[in-house]
Amino acid sequence: MQKENLIKEKTFNFALSIIELYKICKSQNEFILSKQLLRSGTSIGANVQEALAGFSEKDFLHKMSIASKEARETQYWIDLLSQSQLVKFDESKYKTDIQSIVNILTSIVKTLQVKLRPNV
């Protein structure tokens, strides 16, 4: 249960930081990539919240898997914004935070996949 609370807190705080980055992007007249980033970056936590309210372990796994995919998509948008230099921002904190989130979600998903695997 401790990992679940950790990921809930991390993804919520990350969503707040993504909202701030979105504001930075808008102030520098970048509207397209930042909108994608906003959607994927805030949906990670939303899917974690849904997973925590899941009615079964399979439902929990499904929602955590979606959160993991959204985290990887967010990682892509951060890298693209950084490499394209469309926006000036300090990407290091975002990259560190999203990598941590990806690692935790991957661990949760893999652990539960093993647990739910039928015995052959």
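A residue is called buried under 20% relative accessible area, exposed over 50% and partly exposed in between, with a 1.4 Å probe and protein chains only. By that rule Phe89 is buried, because its relative accessible area is 13%. The model is predicted: local features need pLDDT of at least 70, side-chain atom pairs count only at pLDDT 80 or more, and totals for chains, interfaces and linings use all residues. Residues are numbered from 1 along each chain as its sequence is written, and side-chain values use heavy atoms, with hydrogens and water left out.

**Overall architecture**

- The protein has four helices and zero strands, where helices (H or I, at least four residues) and strands (E, at least two) are DSSP runs numbered from the N terminus.
- Along the sequence the pattern reads α-α-α-α.
- A box of roughly 55 × 25 × 20 Å along the principal axes holds the C-alpha atoms.
- Of the contacts with a separation of 6 or more, 75% are between residues 24 or more positions apart; contact means heavy atoms within 4.5 Å.

**Surface and charge**

- Buried residues account for 41% of the 120 residues.
- The accessible surface is about 7,300 Å², and carbon and sulfur atoms hold 55% of that surface; areas come from the Shrake-Rupley method with a 1.4 Å probe, and for residues only the protein chains shown count as cover.
- There are 17 positive and 13 negative charges, and their mean positions are 3 Å apart.
- In this count Lys and Arg are positive and Asp and Glu negative, while His and the chain ends are not counted; each charge is placed at NZ of Lys, CZ of Arg, CG of Asp or CD of Glu.

**Nonpolar core**

- The largest nonpolar core has 31 residues, and those with the most contacts inside it are Ile7, Ile44, Met64, Ile98, Ile101 and Leu105.
- H1, H2, H3 and H4 each supply at least two residues of this core, and the largest share, nine residues, comes from H4.
- Such a core is a set of buried Ala, Val, Leu, Ile, Met, Phe, Trp, Tyr and Cys residues joined through side-chain atoms within 4.5 Å.
- Leaving aside neighbours within four places in sequence, Ile101 is in contact with Ile7, Lys10, Thr11, Phe14, Ile44 and Ala71.

**A buried asparagine**

- Asn47 lies in helix H2 and counts as buried because its relative accessible area is 10%.
- Beyond its neighbours within four places in sequence, Asn47 is in contact with Lys63, Ile66, Ala67 and Glu70.

**Aromatic pairs**

- The whole structure contains two aromatic pairs.
- The rings of Tyr76 and Trp77 form an edge-to-face pair, because their centres are 5.1 Å apart and their planes are at 70°.
- Tyr76 is partly exposed at 47% relative accessible area, whereas Trp77 is buried at 13%.
- Phe89 and Tyr94 also form an edge-to-face pair, 5.9 Å centre to centre with 65° between the planes; Tyr94 is buried, with a relative accessible area of 11%.
- Rings of Phe, Tyr and Trp (its six-membered ring) pair if their centres lie within 6.5 Å; planes under 30 degrees apart count as stacked, over 60 as edge-to-face and the rest as tilted.

**Positive phi in loops**

- Asn29, in the loop between helix H1 (2-27) and helix H2 (32-52), has phi near 60°, a positive value in a residue other than glycine.
- Asn29 counts as exposed because its relative accessibility is 60%.
- Gln85, in the loop between helix H3 (57-84) and helix H4 (91-116), has phi near 60°, again a positive value in a residue other than glycine.
- Gln85 is exposed, with a relative accessible area of 65%.
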